[in-house]
Number of protein chains: 2
Amino acid sequence: MIQSFNSTLLENTVAELSKLPGIGRKTALRLALHLLRREENEAVALGESIINMRKNICYCSKCHNISEKEVCPICNDSRRDSSVVCVVENVKDVITIESTHQHSGLYHVLGGVISPLDGISPSDLEIESLVSRVQTDGIKEVILALNPTIEGDTTNYYIYRKLSAFPVKITMLARGLSIGNELEYTDELTLGKSIQNRVLFSDTFSPKK
Amino acid sequence: MIQSFNSTLLENTVAELSKLPGIGRKTALRLALHLLRREENEAVALGESIINMRKNICYCSKCHNISEKEVCPICNDSRRDSSVVCVVENVKDVITIESTHQHSGLYHVLGGVISPLDGISPSDLEIESLVSRVQTDGIKEVILALNPTIEGDTTNYYIYRKLSAFPVKITMLARGLSIGNELEYTDELTLGKSIQNRVLFSDTFSPKK
């Protein structure tokens, strides 16, 4: 049931908030009333930060990650290894991989994965720009870090085919046991992969580069 | 772990969003990235609606409900019965009760309930202003519609004592079975109340005024 709020200002905010993913009308109302109870400057800070962010964040012309300048800080960082590029689905995956501190190279954000059911074809993704980076930027290794799903694997294979003409090493993230999980609760596919791709125990002390 | 976003604008928005109740850093990041993917005017509309709402909504000087003017539309509505006042805990309860279309009188928003553990004493609530409304506004009935909790009942009793000196009828919301629930799953206290306060079956056809 649509509730009447006796205030178009509240009504507007609830309508706008409930456009956000995972936020229904009830939650939106709770958030709006929370903002009304807090200090004015807190609500204004939230509103302004959203507007500023949306107006000033653009996408890096090289890796398509979010950026405040034409080229993002990661692409601009001379300490990073520009010969290794990690291909990810979206901006969030960059943040996630950065938080592991295990990748010192650059990124390439595809903007999605190939998914005919959702109408996403290779031309909707930043695949051509990846190919031209490989051609011109002296990239030695491309790490495929898409999600381990059918769509991710399809996209991995598509990129692999596209890049196979170039002298570049193409790797993908290892699939195997999750740390902390038990064998008993690991699915057979993953467990099978972890047997196929078993590693030398001695390598776990001094990981190979 | 605090993740680095390589963008202070994104960082700010995530920080502001995660101050909202029930929204952690992960959800805040998801919302912020969603806003980045949408059209700019959509994000700006959200930000501006929050700022406008917070800057322009005030509280009704009579009933303390939210309002865009000094006196809210409900208090100003001459079609409503100004001799009946429904006492509620907060603004949301006004919206909830309005959605039942069963109350045609006015409201009085306390702004909370007496709760010594949370440091909320009667003087923090709009109880004195309720007493003066009863004294001066010709109110014939006060409906206590606080939540059926210990704190709600304490506050009900406090208001009842405060108002007992005045010639005003004091009623409270009925407690009983929830419609659609089964007897078996109704707690004993509620079931007990529903037996004590049983009503004439014939009254359910023509509810008494």
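**View 1. Helix H6 of chain A and its buried residues in a predicted model.** Helix H6 of chain A covers residues 127-136, and its buried residues (under 20% relative accessible area with a 1.4 Å probe, protein chains only) are A:Ile127, A:Ser129, A:Leu130, A:Val131, A:Arg133 and A:Val134. Helices here are DSSP runs of H or I with at least four residues, strands are runs of E with at least two, and both are numbered from the N terminus. The buried residues of H6(A) pack against strands S3 (81-88), S4 (105-109) and S5 (141-144) and against helix H7 (150-163) of chain A. After H6(A) comes A:Gly138, with a positive phi near 65°. Residues are numbered from 1 along each chain as its sequence is written, while chains are lettered from A and ligands numbered from 1 in the order in which they are written. In this predicted model, local features need pLDDT of at least 70 and side-chain atom pairs count only at pLDDT 80 or more, whereas totals for chains, interfaces and linings use all residues; side-chain values use heavy atoms, with hydrogens and water left out.

View 2. The 17 residues of H3(B), residues 40-56, should span 24 Å at 1.5 Å a residue, and the end C-alpha atoms are 24 Å apart, which agrees; the expected span is 1.5 Å times one less than the number of residues. Among the buried residues of H3(B) are B:Val44, B:Leu46, B:Ile50 and B:Met53.

**View 3. The packing of H1(A) with H3(B).** The axes, lines fitted to C-alpha atoms over the stretch in contact, are 9 Å apart at an angle of about 150°, on a scale from 0 to 180 degrees between N-to-C directions. The two helices H1(A) and H3(B) are therefore roughly antiparallel, a term for angles over 145 degrees. Their crossing is left-handed, meaning that the near helix is turned anticlockwise from the far one by less than a right angle. The contact (heavy atoms within 4.5 Å) includes A:Leu9, A:Leu10 and A:Asn12 of H1(A) and B:Glu42, B:Ala45 and B:Leu46 of H3(B). By class, the contact of H1(A) with H3(B) has seven nonpolar, five polar and two charged residues. Ala, Val, Leu, Ile, Met, Phe, Trp, Tyr, Cys and Pro count as nonpolar, Asp, Glu, Lys and Arg as charged, and the others, Gly among them, as polar.

**View 4. The packing of H3(A) with H2(B).** Here the angle is about 50°, and the axes lie 9 Å apart. H3(A) passes H2(B) in a right-handed crossing, the clockwise case. A:Ile50, A:Met53 and A:Arg54 of H3(A) meet B:Ala32, B:Leu35 and B:Leu36 of H2(B). The residues of this contact are five nonpolar, no polar and one charged.

**View 5. A:Ser49 in helix H3 of chain A.** A:Ser49 is buried, with a relative accessible area of 9%. Apart from neighbours within four places in sequence, A:Ser49 is in contact with B:Asn12, B:Thr13 and B:Glu16.

Methods
Buried means under 20% relative accessible area, exposed over 50%, partly exposed in between (1.4 Å probe, protein chains only). Angles under 35 degrees count as roughly parallel, over 145 as roughly antiparallel, 65 to 115 as roughly perpendicular and the rest as oblique.
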